[in-house]
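Biologist: Could you walk me through this one? I'd like to go from the overall layout down to single residues.

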Amino acid sequence: MIEKTVCELFAGVGGFRLGLEKENPEWNTVWANQWEPGKKKQYAFDCYVSHFGKSENYINEDIASIDKNIIPAHNLLVGGFPCQDYSVARTGAEGINGKKGVLWWQIRDILEIKKPKFVLLENVDRLLKSPAKQRGRDFGVILACFNDLGYSVEWRVINAADYRICPKEKKNICICL
Ligand SMILES: C[S@@+](CC[C@H](N)C(=O)[O-])C[C@H]1O[C@@H](n2cnc3c(N)ncnc32)[C@H](O)[C@@H]1O
């Protein structure tokens, strides 16, 4: 059996970790990263630490500034990467080229270096249609990255309300093996 080691990116207040630990307390988050750009007070990170405890492996820095080689080995990478740029509701949304959209490449870089066996990502269902002016381009780029790195990919659009998460909001879930 493989070790249940997890790297939690864009950790926020630790939603992935809560779910995993509820499913099986053996899941062990060996590294987590959360940073709110431009904010002096890091509420989400403070909440994470207050809930899960302080650790030198919970990092409150811009993921783009981190040397990916320092991340410990892990078998599962999880993350709900920022979705603002994937919204097709805003016609000007830049998708994967936007200020936050480009954070996809941080995930890709970590996958290339750390090679976790499993990846579980979450985003809005509009990611599938982003950007508005070139529908589907961004998800195509993401799928191509996974393919280049040797992952096979499955994805589902789920209704978060079915999981008692957030009424009326649909989420895109991407499971990569
Ligand atoms: C969609 S939320 C993830 C929510 C999380 N799954 C949870 O359970 O709270 C994306 C998170 O990425 C963080 N973030 C945005 N830019 C970041 C960056 N450059 N480096 C690290 N974290 C960043 C945001 O502050 C936000 O908490």
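This is a predicted model: local features need pLDDT of at least 70, side-chain atom pairs count only at pLDDT 80 or more; totals for chains, interfaces and linings use all residues.

Modeller: Residues are numbered from 1 along each chain as its sequence is written, and side-chain values use heavy atoms, with hydrogens and water left out.

Biologist: In what order do the elements of the protein run from the N terminus on?

Modeller: Helices (H or I, at least four residues) and strands (E, at least two) are DSSP runs, numbered from the N terminus. The protein has 4 helices and 7 strands. Their order is β-α-β-α-β-β-α-β-α-β-β.

Biologist: Which residues come nearest to the ligand?

Modeller: A residue is near if one of its heavy atoms lies within 4 Å of the molecule. There are 16 residues around the ligand, and they split into 8 nonpolar, 6 polar and 2 charged. Here Ala, Val, Leu, Ile, Met, Phe, Trp, Tyr, Cys and Pro count as nonpolar, Asp, Glu, Lys and Arg as charged, and the others, Gly among them, as polar. Coming nearest are Val13, Gly15, Gln34, Trp35 and Asp62.

Biologist: How far is the polar side-chain atom of aspartate 62 from a nitrogen atom of the ligand?

Modeller: A polar contact is a pair of N or O atoms within 3.5 Å. Valine 13 has a polar backbone atom 2.9 Å from a ligand oxygen, and tryptophan 35 has one 3.0 Å from a ligand nitrogen. For the aspartate 62 side chain, the distance to a ligand nitrogen is 2.8 Å.

Biologist: Is glutamine 106 buried or exposed?

Modeller: Glutamine 106 sits in helix α3, residues 104-114. Buried means under 20% relative accessible area, exposed over 50%, and partly exposed in between (1.4 Å probe, protein chains only). Because glutamine 106 has 13% relative accessibility, it counts as buried.

Biologist: And why does asparagine 75 count as buried?

Modeller: Asparagine 75 is in the loop between β3 (58-59) and β4 (76-80). Not counting residues up to four places away in sequence, asparagine 75 touches Ile2, Glu3, Thr5, Pro116, Lys117 and Phe118, where contact means heavy atoms within 4.5 Å. It counts as buried because its relative accessibility is 14%.

Biologist: Leaving aside neighbours within four places in sequence, what is glutamine 106 in contact with?

Modeller: Remember that glutamine 106 belongs to helix α3. With those sequence neighbours left aside, its contacts are Ile63, Ala64 and Lys68.

Terms used:
A polar contact is a pair of N or O atoms within 3.5 Å; within protein, one must be able to donate a hydrogen and the other to accept it, and residues adjacent in sequence count only if both atoms are side-chain atoms.
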